[in-house]
Amino acid sequence: MEIHKKDIRSLSKDQLREFFTANGDQAFRGNQVYEWLWSKGAHSFDDMTNVAKTTRAMLEENFVINHIKVDQMQRSSDGTVKNAVRLHDGLVVESVLIPTITRTTACVSSQVGCSLDCNFCATARLKRMRNLNPDEIYDQVIAIDKESRLYHNHPLSNIVFMGMGEPLMNYNNVIKAIDMITSPEGLGMSPKRITVSTSGVPKMIKKLADDEVKFKLAVSLHSAIDDIRSRIMPFSKNFPLADLRESLEYWYSKTRSKITYEYVVWKDINDNKASIDALVKFCKYVPCKVNLIEYNPIDDGEFQQASEESIMAYIKALEANGIVAKVRRSRGKDIDAACGQLANKEA
Ligand code: SAH
């Protein structure tokens, strides 16, 4: 039965080489097949024309090639594209293509649903259903790259892990996917063009530093005061800001790579002087910049975007302290493709 066959793309190149030698073939056959699977994006073993028919039949008996399917593609009036991506087991995740004048950015998902429980995020309401496999993350990027070439006449320039899920709670698969995206056998993209965004899991941030990753790190901070942060992001009760700070200092000491803090200013939550002061102080620990992101309402409830004056007060205080701060306007709001809105309504 199909269901018991292994997804061949869960094997590393070495494992594929070993598979062939164990089956009386030569190791280089593993390289050939690997190239078909990744660089050439083969969807079936029969595509592998330089592999003998009997070998293809043997692969067919042992493995499947799982592929995502872009079920639905929506285009926003601002050029943003949202893909509803169906996985081999029928679950759906979303990825987004965000064009600007100078670049096209893919925003990809790392989990179906999310392990965490940020009160302001639509994905959190889905709970975590499962982690995405490396090939499922990679395929989202390939799909967006094709759309970028089609609609914008150039390849994808950047990737952010800001879709559904918490990338650091699916650590190994995210790292494997990035390895493939950056390797010459995959897209050969520079890791400097990739940003992993985390809501802040100190232990895993330290692991990133130990693993000497070359991509960028963004942290969804939203408050530099423990009481407020754990109210809006309840999981963070277990990860006080002191621990987060320590992990970020460790990250910087190992990587020398600046951190981006993502921050939404909400009415009556963090639109006050104490919150601004706390953020300014927090920003002094490690070289960083701040993206003040617009709130995308997910229901009528608790959270409302703060006034323009409150946001200006943040910018003024940060700039006065030499900290780069930018306001990020939402993209793709009309198709529910903006931050925190990914929750596959159609699925
Ligand atoms: N779990 C990761 C990545 C996914 S969320 C993380 O937390 O960083 C991507 C970004 O969108 C995060 O900064 C998150 O805090 C923000 N976000 C979530 N819900 C939002 C909303 N309703 N409006 C604006 N930003 C939101």
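## Ground rules

This is a predicted model, so to speak of local features you need pLDDT of at least 70, side-chain atom pairs count only at pLDDT 80 or more, and totals for chains, interfaces and linings use all residues. Residues are numbered from 1 along each chain as its sequence is written, and side-chain values use heavy atoms, with hydrogens and water left out.

On one side, strand 5 pairs (at least two DSSP bridges) with strand 4, residues 81–86, in the antiparallel sense over six bridges. V85 sits opposite V93 of strand 5. Five residues lie between the strands of this hairpin, and G90 there has a positive phi near 95°.

Strand 6, residues 104–107, also runs antiparallel to strand 5, joined by four bridges. Here L97 has A106 as its bridge partner, and the hairpin linking strand 5 to strand 6 uses four residues.

## Helix 6 against helix 8

Helix 6 (residues 202–210) packs on helix 8 (residues 241–255) at about 5°, axes 9 Å apart; axes are lines fitted to C-alpha atoms over the stretch in contact, with angles from 0 to 180 degrees between N-to-C directions. That makes the helices roughly parallel (under 35 degrees).

Contacts (heavy atoms within 4.5 Å) involve residues including I205 and L208 from helix 6, and L248 and W251 from helix 8.

Methods:
Parallel < 35°, antiparallel > 145°, perpendicular 65-115°, else oblique.
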